[in-house]
Amino acid sequence: MAIILLSIFASGCSMFIIPRYTDVIYNDRQPLISVTYDYGEIEIHLPLFYPRYRPEQIAFQVYAGGDTTFPLISVMQGPLDEIVLFLPHGVLDVEDSTNLIKVMPQDYDFRTFYIPFKGLGAGRIDLPEKAVDFKPLLVQGVVTLAQNDSVLAGVDLSVQVFPATLATTKSDENGIFEMGIPGEFMKSPNIELVAGTNLIFKPFRQKLDYSNTKGIYQNVNIGPSKTLEEPIYLTNKKYVHFREKPDVGSETKFLLDKGESVSVKRTTRGEYFGDIEVLLQNGKLVVFDGWIVKEDLSLMQLENIFSKGNNNESIE
């Protein structure tokens, strides 16, 4: 009996072997990620909000240590209010906020952006809420004096959807300007670039069409063109009558705004006869002639084209 018991005991001990994991262990998530034996996990929570519309899908990529060559993980999901991402422990920079989440809405109208964050060895990371919104609409160009193509610095510019002003800026020392407006206006037919409200000339106005683009390059040529002959006068008030004949009661062709350029050809005792330019929607300038009362015009002087009370340097 002793021999039998000893035999059973010996046989039992030989079956009691400590397990050894020679194969890779996976955490059963997509994509499959191998982990070390001292297993841990990083759980990243990213709340999102959508100010206007939601894209159909959003892609997320996580990068460590500022290296955007290869992502640690890539995920495609619907437009959820909170995204949860899982990473193996020890893959993130825990010293500085050099880790990045790239958020890529799968819609051309939405902007792609990066979120920097500081990592943990293992555990949960809660990031601040981020907006998923449209790409901004851009307009840029150069402001020049139409008469001689000199660049103009310090010219006021704005983008408007009447009656709202969406953005404002001034041209720099090289005449260059750039503005961005919210992408929600991309389908609006009433976006207008306005330039030169601080000049003596009639402001430049141009409709901006973003239906097929996110960026527009629009040069601004302001003031009388090269085709208008001197002497050139400017209307000094609003609603100036530009008439067919100098006779009292003559038909009014146009009501001119303040700062309209008039090339004077001849005069009578109380009126000037001359040409004006009208800019059509297709960008073509058309010349009309007519009569204007003398007191409604002032001789143009290029020494300072900025309106009174404005100390900008005018021409470069």
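What volume does the second largest pocket have? The second largest pocket has a volume of about 600 Å³, and the largest pocket one of about 1000 Å³. This is a predicted model, in which local features need pLDDT of at least 70, side-chain atom pairs count only at pLDDT 80 or more, and totals for chains, interfaces and linings use all residues. Residues are numbered from 1 along each chain as its sequence is written, and side-chain values use heavy atoms, with hydrogens and water left out.

**Largest pocket**
- Its lining holds 32 residues (lining: an atom within 4 Å of a pocket point).
- K202, P203, F204, R205 and L279 lie nearest the centre of the largest pocket.
- β16 (204–207), β18, β21 (252–256) and β23 (271–279) each give at least two residues to this lining.
- By class, the lining of the largest pocket comprises 15 nonpolar, 10 polar and seven charged residues.

**Second largest pocket**
- Of the 21 residues lining the second largest pocket, L199, I200, L234, K258 and S307 lie nearest its centre.
- β19 and β25 (297–299) each contribute at least two residues to this lining.
- The lining of the second largest pocket has eight nonpolar, nine polar and four charged residues.

**S225**
- S225 sits in the loop between β18 (220–222) and β19 (232–235).
- S225 counts as buried because its relative accessibility is 10% (buried means under 20%, with a 1.4 Å probe and protein chains only).
- The side chains of S225 and T227 make a polar contact of 2.8 Å (N or O atoms within 3.5 Å, one able to donate a hydrogen and the other to accept it).
- Beyond its neighbours within four places in sequence, S225 is in contact (heavy atoms within 4.5 Å) with A146, Q147, E277 and L285.

How values were computed: Helices (H or I, at least four residues) and strands (E, at least two) are DSSP runs, numbered from the N terminus. Buried means under 20% relative accessible area, exposed over 50%, partly exposed in between (1.4 Å probe, protein chains only). On a 1 Å grid over the protein atoms alone, a cavity is a set of points where a 1.4 Å probe fits but cannot get out, and a pocket is an open set with protein on both sides within 12 Å along at least five of seven lines; lining residues have an atom within 4 Å of a point. Grid points are joined across faces, edges and corners, and a volume is the space filled by probe spheres set on the points. Ala, Val, Leu, Ile, Met, Phe, Trp, Tyr, Cys and Pro count as nonpolar, Asp, Glu, Lys and Arg as charged, and the others, Gly among them, as polar.
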